[in-house]
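Here is a friendly briefing to read alongside the model. Please keep the sequence and the 3D view open as you go.

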Amino acid sequence: MAQTEPIVGRYINLEFSGRSYRVYFEEAGRGIPLLCLHTAGADSRQYRHLLNDASVTNTYRVVAFDMPYHGRSNPPDGWWLQKYLLKSDEYMGFIRAVWAALDLTRPVVLGCSMGGAIVLKLAAEYQEELRGIVGLESSAYAPGRFNQYLHHPAIHGGELAASYTYGLCAPMSPEPSARENWWYYSQSGPGVYAGDVHYYSLDWDGRADIKRINTSLCRVSLLTGAYDYSCTPDMTREVAKSIPGSRMVIMDDMGHFPMIENYPVFREFLLAELEWMAL
Amino acid sequence: MTAFSDDWLKSFQERVNADAEMQVIGDWLTTALSLTCGDRRCIVRFERGKLVEVVSSPRIDVRCAFGFRASPDIWSKFLSPHPEPLYHDFFAMLMRVPGFVLEGDTLIAMQHARALHRAMNLMRSVGQ
């Protein structure tokens, strides 16, 4: 029998840095705003399990949006005249613009990978306006992922990005779930994954900023998979050491994409943190 | 079965050629690559996704486009049925295990990333 999911998808038109953007977002639930940030070269579909989880949506209004160039969000007008190379300030600013446009009051911001990095910057800059952050696979400094083959005319970019990231899932994650993430990764536009990794591996360095995070103002939860080789557990431990009062869990048998590669296992870790955030 | 022995390579060949996924994604996989485990080196040659030839201890006149080289200890960790983190995927090892090396024409390797990744993961099903 056909079943309709509670997720609602909408578009919002907003201005950011003098340009117009048409942004796609999905939402479900009521309560504390929980703004979810997808990984590099992917989109908000990664959060479909979380958006469908009544244990979350009974307490939280979950919102997941596609960054410009990703998923169903268009690039800005004139995109063909500039290379897509994401930078920290632009990334943080755009999240802030969506957060303001959707009128989210004291949200929890949850991000994974590059999203898990930028939530640290958000917490440093806007801690008085945030309830908290949940960093999945969060690192303050993550060199080593960028290479020229990620956007190269002799290589199928979608297949390379998807294969390059497939092994970031833990071997024990259910194959259909890991393959689903592969599929999402195969669909980004030319150079989009590379442009995101430009931010993640070349531009991002939050090692000084995170020392300014006051966890009495903004709660910090850090969840990292043991099989994540992009943001290794040690990299997240370094973050946790720099943020007194933060909570950190290393998830056994989990990789870099917990919300999509193995949601049934991940949700047990997540629910504990969201419960704490809601107090 | 010792990894990269003649019996092991024969079993690997059978796994690749019977693999349902490789039949879907292998049409463009026509290349040769070397696999080096310590002092042992072999070259495996693919045609349209089929592993058609295995050359153990190749001489100078056996060509290949690229190859993977590592110590027996590193290969053993990769081939383990329950690999530890950082040894569970060849891209993970290329990033985090300095002793695991992609040599030769890396562009050709990455052009075949999808099928190559599948073939390498099939190695684990052969065991060691």
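The notes below go through a sheet, a core, a chain contact, a helix pair and some backbone angles.

This is a predicted model, in which local features need pLDDT of at least 70 and side-chain atom pairs count only at pLDDT 80 or more, while totals for chains, interfaces and linings use all residues. Residues are numbered from 1 along each chain as its sequence is written, and chains are lettered from A and ligands numbered from 1 in the order in which they are written. Helices (H or I, at least four residues) and strands (E, at least two) are DSSP runs, numbered from the N terminus.

**The sheet of chain B**

- Chain B holds an open sheet of five strands in the order β3-β2-β1-β4-β5, with mixed pairing; two strands pair if DSSP finds at least two bridges between them.
- Its edge strands, each pairing on one side only, are β3 (50–56) and β5 (101–104) of chain B.
- From one strand to the next, the twist averages 25°; axes are lines fitted to C-alpha atoms, for helices over the stretch in contact, and angles run from 0 to 180 degrees between N-to-C directions.
- Helix α1 (residues 6–18) of chain B packs on the sheet and touches β2 and β3 of chain B, its direction making about 170° with that of β3(B); residues are in contact if their C-beta atoms, placed from the backbone, lie within 7 Å.
- Strands β1 (residues 31–37) and β2 (residues 40–47) of chain B run antiparallel and are joined by seven bridges.
- β2(B) and β3(B) also run antiparallel, with six bridges between them.
- B:Arg45 can be followed across the sheet: it stands opposite B:Ala32, and its bridge partner in β3(B) is B:Glu53.
- The hairpin of β2(B) and β3(B) has two residues between the strands, and B:Arg48 takes a positive phi near 45° there.

**The nonpolar core**

- The largest nonpolar core has 120 residues; such a core is a set of buried Ala, Val, Leu, Ile, Met, Phe, Trp, Tyr and Cys residues joined through C-beta atoms within 7 Å.
- A residue is buried if 20 or more other C-beta atoms lie within 10 Å of its own, exposed if 12 or fewer, and partly exposed in between.
- Helix α4 (residues 114–126) of chain A gives the largest share of this core, eight residues.
- Among the residues with the most contacts inside the core is A:Ile133, whose partners include A:Val109, A:Leu122, A:Ala123 and A:Val220.

**Where the chains meet**

- The contact takes 15 residues from chain B and 14 residues from chain A.
- On the side of chain B that touches chain A, α4(B) gives the most, with four residues.
- That side of chain B divides into nine nonpolar, three polar and three charged residues; Ala, Val, Leu, Ile, Met, Phe, Trp, Tyr, Cys and Pro count as nonpolar, Asp, Glu, Lys and Arg as charged, and the others, Gly among them, as polar.

**A helix pair in chain A**

- The axes of α5 (residues 157–166) and α6 (residues 175–185) of chain A come within 8 Å and cross at roughly 145°.
- A:Ala161, A:Ala162, A:Thr165 and A:Tyr166 in α5(A) meet A:Ala178, A:Trp182 and A:Tyr185 in α6(A).
- This contact has six nonpolar, one polar and no charged residues.

**Positive phi in loops**

- A:Asp253, in the loop between β8 (247–251) and α9 (258–261) of chain A, has a phi near 60°.
- A:Asp253 counts as partly exposed because it has 14 C-beta neighbours inside 10 Å.
- B:Leu86, in the loop between α3 (72–79) and α4 of chain B, has a phi near 85°.

Definitions and conventions
Two residues are in contact if their C-beta atoms, placed from the backbone, lie within 7 Å. Lists of a residue's contacts leave out its neighbours within four places in sequence.
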